[in-house]
Amino acid sequence: MTWPMLFGVLSLMTFQLADSAFIGQLGRDPLAALGFTLPMQQLVIGLQVGLGIATTAILSRTLGAGDERRAERLGGLVVTVGAAMVLVLCLALWLLRVPIMNLLGADAALLPLIRSYWIPWLVAAWLGATLYFGYSVSRSHGNTKLPGTLMVVTSLLNIALDPLYIFVFGWGLPGAALATITAFGFGCLVIYPRLLARGWVRFDLRALALGPALRQLGGIMGPAMVSQLMPPLSAMLATALVAGFGSAAVAAWGLGTRLDFFSIVVVLTLTMSMPPMIGRLLGAGDIDQIARLVRLGVRFVVAWQLAIGLIWLAISGVVSELFTTDLTVRAILQDYLVRVPLSYWGLGVCMLMVSVCNALGLAMRALLISTLRLFLCFLPLLWVGGQLAGMTGLMTGALAGNLFAGAMAYTFYQAGMAHLTAARRQAAASQASS
């Protein structure tokens with residue numbers, strides 16, 4: 001279930017990089033206008049991923065309990081509620097675009113360019129979220145091949161249309177968003193007929209107890225959304241700490257964190273493929289099999305990410321020379337690659353435990369793990385390391401913070417599983433006595 005999502009996520013990363021590269025050829029102003037949309041994009045993504053996590057957790061659990069008709073209606077509810085919520089958010093962003101741009105400090109000369117870009121960009125954001133909800137429903141039913149394939153196809157279509165829309169048709173910056181609209185629109189036209197044909201979504205929502213269903217969704221979606229907004233906030237604070245050591249440090253840190261994304265992509269896809277399996281097992285009441293599955297996942301993550309860290313250590317000199325010609329940036333980046341990647345296994349375990357806890361219905365525990373990882377383990381140790389030994393100490397702090405976060409997350413997961421097991425046994429005993 002992981003491999004299709006791996007290729008899909010890699011293709012999404014590639015199309016976003018390609019988008020930036022094409023827009024960069026238009027000049028500094030279009031690239032700056034694109035940069036001002038990123039915080040808003042994180043809001044939309046936080047909402048859609050939060051609902052996607054809730055979708056996978058609830059649908060897979062319902063399917064595991066054998067209630068397929070309810071799962072189908074829940075799928076229809078997710079798509080309807082999700083599309084409506086993202087639409088309201090996009091409309092609010094459009095109506096508040098001028099105050100938002102003023103708050104972010106956008107130059108007045110950029111406002112006409114931003115205005116021309118925001119309408120197609122917001123439409124693309126809404127279509128992307130709607131497509132993502134379809135992916136979530138498909139993954140809940142154990143099918144990762146359909147969303148994984150569509151991610152690749154829509155990304156390739158977007159990359160192919162970018163130069164055509166931006167340069168050949170002369171649409172400039174809005175052309176990049178129009179290419180995304182075309183690609184995501186095509187994806188929606190492919191996935192939703194298939195979901196309907198397979199009976200994975202039904203829209204006869206009157207037969208569904210809407211109040212309890214919405215509360216069930218909200219109980220997982222709310223904490224998951226807040227959890228999704230934590231990493232961007234942490235990244236901003238970490239960058240502020242690094243900025244105290246100069247522009248070369250910021251440049252090297254930025255390059256290192258971009259390499260992080262590709263280094264943990266396997267873990268990221270595991271966080272998408274394991275929850276449907278865990279949800280079904282939970283619905284069937286097979287707690288022991290969940291524990292075995294999670295142990296297997298943790299062992300794989302530790303071994304895989306340690307291997308990745310050792311590879312970065314071995315090729316740190318070559319990579320730093322490849323990415324920059326600035327000698328100061330090169331030295332700091334090499335220092336980064338020697339230290340931080342060795343802690344990716346701790347970061348990977350932490351990410352996996354957040355996903356597992358959400359799948360188990362322990363949404364507040366997942367949020368607590370995310371919060372403590374960033375504001376107890378990572379950022380404080382960055383600051384302490386920086387105070388003690390400068391930029392080298394800061395990167396050592398990042399290494400230690402990730403390792404502590406992994407150990408903390410696994411401890412919290414074990415406590416959650418013990419509580420869940422005890423609750424199940426108590427419910428079974430109570431049922432047997434009655």
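Helices (H or I, at least four residues) and strands (E, at least two) are taken here as DSSP runs, numbered from the N terminus. On that basis, the protein chain comes to 15 helices and 0 strands. The model is predicted, so local features need pLDDT of at least 70 and side-chain atom pairs count only at pLDDT 80 or more, while totals for chains, interfaces and linings use all residues. Residues are numbered from 1 along each chain as its sequence is written, and side-chain values use heavy atoms, with hydrogens and water left out.

Let me turn to the overall fold. The C-alpha trace of the protein chain spans about 75 × 50 × 35 Å along its principal axes. Of its 434 residues, 51% are buried, meaning under 20% relative accessible area with a 1.4 Å probe, protein chains only. Contact means heavy atoms within 4.5 Å. Among contacts between residues at least 6 apart in sequence, 82% join residues at least 24 apart.

I now come to one residue, threonine 180. Its place is in helix H7, residues 172-197. Is threonine 180 buried or exposed? Threonine 180 counts as buried because its relative accessibility is 8%. Its side chain reaches the backbone oxygen of alanine 176 at 3.1 Å, a polar contact being a pair of N or O atoms within 3.5 Å; within protein, one must be able to donate a hydrogen and the other to accept it, and residues adjacent in sequence count only if both atoms are side-chain atoms. Leaving aside neighbours within four places in sequence, threonine 180 is in contact with Phe15, Asp19, Ala124 and Asn158.

Methods. Buried < 20%, exposed > 50% of the residue type's maximum accessible area, 1.4 Å probe, protein only.
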